[in-house]
Amino acid sequence: MGKAGERLTKGAIHLLLLAWAVVSIFPLVWMLSTSLKEKNEIYTNKSLIPRNALNFGNYVEAWTAGGFSRYTWNSVLYSAVVVTGVVLVSTLAAYGISRLDMAGKKAIYLGMMATLMIPIPGAFISIYIVVSHLGLANTRIGYMLPMVATALPVSIFILKSFFDELSREIEEAAIIDGAASFRIYWSLLLPIARPAIATIVILNTLSVWNEFMLALVLFSETKLMPIQMGLSVFVGQYTTQYELLMAATSLMVLPVILVYIAMQKQFIAGITSGAIKG
Amino acid sequence: MIERRKPGWLSLLVLALILAIAAGCASGQNESASQNNGGSPSPSDRTDSQKKTGEKIVFWHYLNDRHDLLVGMANDFKSQTGIEVDVQLFGGDGFKQKIIASAQTDSLPDLMTYSGGAGDLAKLIETKSVMELGGKMGDTFKKFPESVVKAYSYREGNPFNVKDYGTYAVPMDTNNMQFIYNKDLFAQAGITEPPQTWEQLLQAVDKLNAAGITPFATGIGSWVIGPMAAPYEFAYLGEEKLIRVKEGKEPLIGSGYENVLKIFEDLYKHKAFAEGIATMDLPKAEQMFVNGEVAMIFDGSWAIGVFNQMDPNFQHYDVFMPPKPADAAHEVKITGGIGVPLVVSQKTKHQDAVLKFVDYLVAKEQQQKYAEKSFNLPANMEAAKSEGEMSSALRNFSLGMQHVYESAGIYPSPNVDTAMQKGVQLIVIGQSTPDKVLKQMDEALQKALKEKK
Amino acid sequence: MNPISLPNAPIVKRKSRKLACRRYFNLLYVLPALALFGVFSLFPIVKTVQYSFTDANGINPNFHYVGLANYRSALTDSQWWQAVGNGGVFALLSLIFMNSIALLLSVAVNANIRGNQIYQVVFYIPPILSGIVVGYVWKWIYDPKGILNSFLQGIGLGGYTHAWIGSTDTALYAVAVSSMWQGVGGSFILFLAGLQGIPKEWYEAAEIDGANRLQKLRYITVPSLRSVYTMVNILTILGALGIFNQVYAMTMGGPGYTTEVPALRIYREAFTNSDFGMSSAFSIVFGVMLFILSLIQLKLSRNKE
């Protein structure tokens, strides 16, 4: 494959990426356009172009009407705590399952995976009952603990698959040197597994950010509610305030993107530290 | 040497974890003190005294657009009686599940707007979660039309197996569902009068098509099918037979029910439906109606408020009752009832205060304020506007309350309703027939009857 | 799979006891996970299994045991199997189209092209949106007077316009497209993370040996991604079969049962019919099917190794 072939491939790659980028973004244009429209424009102005292209009033109104400052802070808190918890607990467990000899390992792993498969109608109701019996209803802790718990099966599943793939050469060298398993976990595996961990961080931030039903059922005071509660205010009994809903959704997307960008650095770091000089 | 970048942000997060746990425990202590067993137990009500200052009741609701109104009313109430009402808004579809979950942990609020039908409420009655109100609020109930009160009343022989007879909800507002038509589009097609019979309606459909106007749309993709079929269930079968058929005491096939399904087939054959009807929801149909894309819609009285919100300039519409087919033996009765029922928790510790607040909410003055904001008709008959102030559409909807049916019977399993809904969705795009759907309904009915034994 | 490879141990007995001890000690690694899991996830599962043998309505703590009646009903329910079939269609389409696109994208991005960081962010935007919002957006696109039909008319293919989600022949695929559109981003980052785990030296060594892009792909990338690929496939199948939010927002399973999916049926039984017994039975049947499917996938991938 000569220079021209290389250029062709590069061009094809660019085309593919660009094409999918357009496909990804395009439906959002509707979201954005709706968020910039006036209330009575929504149903009468069918085109994508709002009458006043810089009408950010909806954003302001969505922020204040939805009580978003409080909900956002709550969601940031919940995301940070839950994600930290999930990362710590699931990396430990996935490392153990992937690398260590453990009594009943297979049973434990399969048992956890089985729960991934069973869709429980109203799982949030059952979880709420448990939390209530523990006396933790309407508390932040009572919300965050189950969130960590329910995120574990998927995270462990993903992490174990990644860990399985990683080379064992460094570890075996360290073991011969007499290193304990925990030290291997902390100093060797975690840094190498950064892309995998970054992925878990992103996925879990997303699911915490989008969670609604458990919060609705668990909290009886709106001041503890996460950000999805703010959105639900715009969905009325007979009408939906689309312009506010889309404005709010656009706002909500930003923090998750920020987390994603932060995690991106971990991805690039992974390439360099994947180097294993045998 | 491996970069030690990880511990940097990791320790930050661990710090956040510790902070949050501290915060969580702290707020946990505060919260569990005022645990939601019907509001905070304040010292004053423990001594059972008449002094109401400091008493607080908790009120959950899902009315996004009326939250400020309700908070305002709560403040007025407090200044009059000293009783504080904590108005909490939980919007969206999840309200129903929140009630279910709270019922299971005995933490229902003192007062709530209920989301669900008579059958759903029956389940809460079974678990003794909600309070019977008819006996305690007899005078209040006199303010409402009887048909409305009956919506959540359970008497001997009720189809929900409720043994604790009585009335369990107080109506905040009422509604009913009829046909709405666009006067301008009708005029364009040369139609001068709204149809009075089914045949006239089909003629109107033909004329509209001839004029290039899409005749009709409604939320066929969702729950609207039931309320739209109901008037014709009554027209063809009559109340008694309808109830018996639905309970399985008379056979469904051969009862004449296929005529009800034929209504939808007629509309399909006359090309009455807008495109995409099979999965259309009501809000979409309302949008089309407001934009003049369809000439008729089947909708509820709240549509007036909805249209107002979508386009305040859109006023040229009016209402007509579902028109009776010539071959129907009985009168048409329409779907309607309570828009927002108020329900009280059985376990409330502030019964007097709550009932007082309910009385306050449905008093004439509050009802009038509410009717201006709400999209529904006020339940309190005294609060209904004088004839002169109403638009024709509003008046027709108000009058419609007299034709609301009391009970259309219920099947032993909701699967029969589902079979009908799914079947009608296919009829309206010509992919099924009334006979086929009737058979599917009967299969579901027979299966349900067998399981019930 | 014993990674603790000890050099030849002269004192076998002491070592083997130490090994056994270690086997239990290592359970500490999964202890936090098990604890949380046991407290919060076990109860719902147990409840579901219990409910599946009863006529519980989800509200009343009193209910009766009905033995296998729910299961019998579930297994003979033709609409349920139609729903499962629909889920299967989603899964198949996702596996074929969605994951291929995601894989290609991740390989392309990994090639360190200019601006690849921006691409990464953009590709991840669809998964960030909630299913309901995605439903709204695509409903607008599929509207009979909407943008898709207008586009077709614009390029002269007016004869292909459709009520995309309102017709029985297109509804399922229309929903599938929207679900795949959202799903690409998720598979994409998983593949990307997997690619990042492949040591760069392997590629460098191959280049020294004179391998071109395609050969590198075939002999290094693809084999190394095996376990990641299996994992993504399993997650894709689980996600596709468990689709709910978008169907709920777009079609509610209609027209008729055309877009009915298992999760929708389970939801309807629980919250519309108040039949937690049936709902739970469906859940268990579904879960067992998925579990067996996943086991098969894992077995297949392990055999290839």
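Trainee: OK, so two residues are in contact if their C-beta atoms, placed from the backbone, lie within 7 Å. Using that, what do the buried residues of α10(B) pack against?

Mentor: They pack against β6 (170–182), α11 (239–246), α12 (258–269), β8 (294–300) and α18 (414–427) of chain B. Keep in mind that this is a predicted model, where local features need pLDDT of at least 70 and side-chain atom pairs count only at pLDDT 80 or more, while totals for chains, interfaces and linings use all residues. As for labels, residues are numbered from 1 along each chain as its sequence is written, and chains are lettered from A and ligands numbered from 1 in the order in which they are written.

Trainee: And the α and β names?

Mentor: Helices (H or I, at least four residues) and strands (E, at least two) are DSSP runs, numbered from the N terminus.

Trainee: How many residues of α10(B) are buried?

Mentor: Twelve of its 13, so it's mostly covered; buried means 20 or more other C-beta atoms within 10 Å of a residue's own, exposed means 12 or fewer, partly exposed is in between, and C-beta atoms are placed from the backbone. Among the buried ones are M228(B), Y232(B), F234(B) and L237(B).

Trainee: What does α10(B) reach from its first C-alpha to its last?

Mentor: 18 Å for residues 225–237, close to the 18 Å expected. The expected span is 1.5 Å times one less than the number of residues.

Trainee: Where is the kink in α10(B) centred?

Mentor: On P231(B), and the kink is about 25 degrees. The bend at a residue is the angle between axes fitted to the seven residues ending there and the seven starting there. After the helix comes G238(B), with a positive phi near 80 degrees.

Trainee: Which helix of chain C has a kink centred on S94(C)?

Mentor: That's α4(C), with a kink of about 40 degrees. It has 33 residues, 78–110, and reaches 46 Å, close to the 48 Å expected.

Trainee: Back to chain B. What domains is it divided into?

Mentor: Domain 1 is 53–173 + 339–387 and domain 2 is 176–336 + 407–452; these bounds come from an automatic or database domain assignment. Taken over C-alpha atoms, their centres are 30 Å apart. Six residues of domain 1 of chain B are in contact with seven of domain 2. On the domain 1 side, that's three nonpolar, three polar and no charged residues. Here Ala, Val, Leu, Ile, Met, Phe, Trp, Tyr, Cys and Pro count as nonpolar, Asp, Glu, Lys and Arg as charged, and the others, Gly among them, as polar.

Trainee: New topic: chain A. How many helices and strands?

Mentor: Twelve helices and zero strands. The C-alpha trace spans about 70 × 70 × 30 Å along its principal axes, and 56% of the 278 residues count as buried.

Trainee: How many residues does the contact take from chain A and from chain C?

Mentor: 80 from chain A and 80 from chain C. Helices of chain A that each supply at least two residues include α1 (3–35), α3 (68–99) and α12 (242–273). The chain A side divides into 56 nonpolar, 17 polar and seven charged residues.

Trainee: Which residues of α3(A) meet α2(C)?

Mentor: V89(A), S90(A), L92(A) and A93(A), which meet P32(C), A33(C) and L36(C). The axes come within 8 Å and cross at roughly 115 degrees; axes are lines fitted to C-alpha atoms, for helices over the stretch in contact, and angles run from 0 to 180 degrees between N-to-C directions.

Trainee: Is N138(A) buried or exposed?

Mentor: N138(A) counts as buried because it has 22 C-beta neighbours inside 10 Å; it lies in the loop between α5 and α6 of chain A.

Trainee: And K128(B), buried or exposed?

Mentor: K128(B) is exposed, because 11 other C-beta atoms lie within 10 Å. Look for K128(B) in the loop between α5 (118–126) and α6 (138–141) of chain B.
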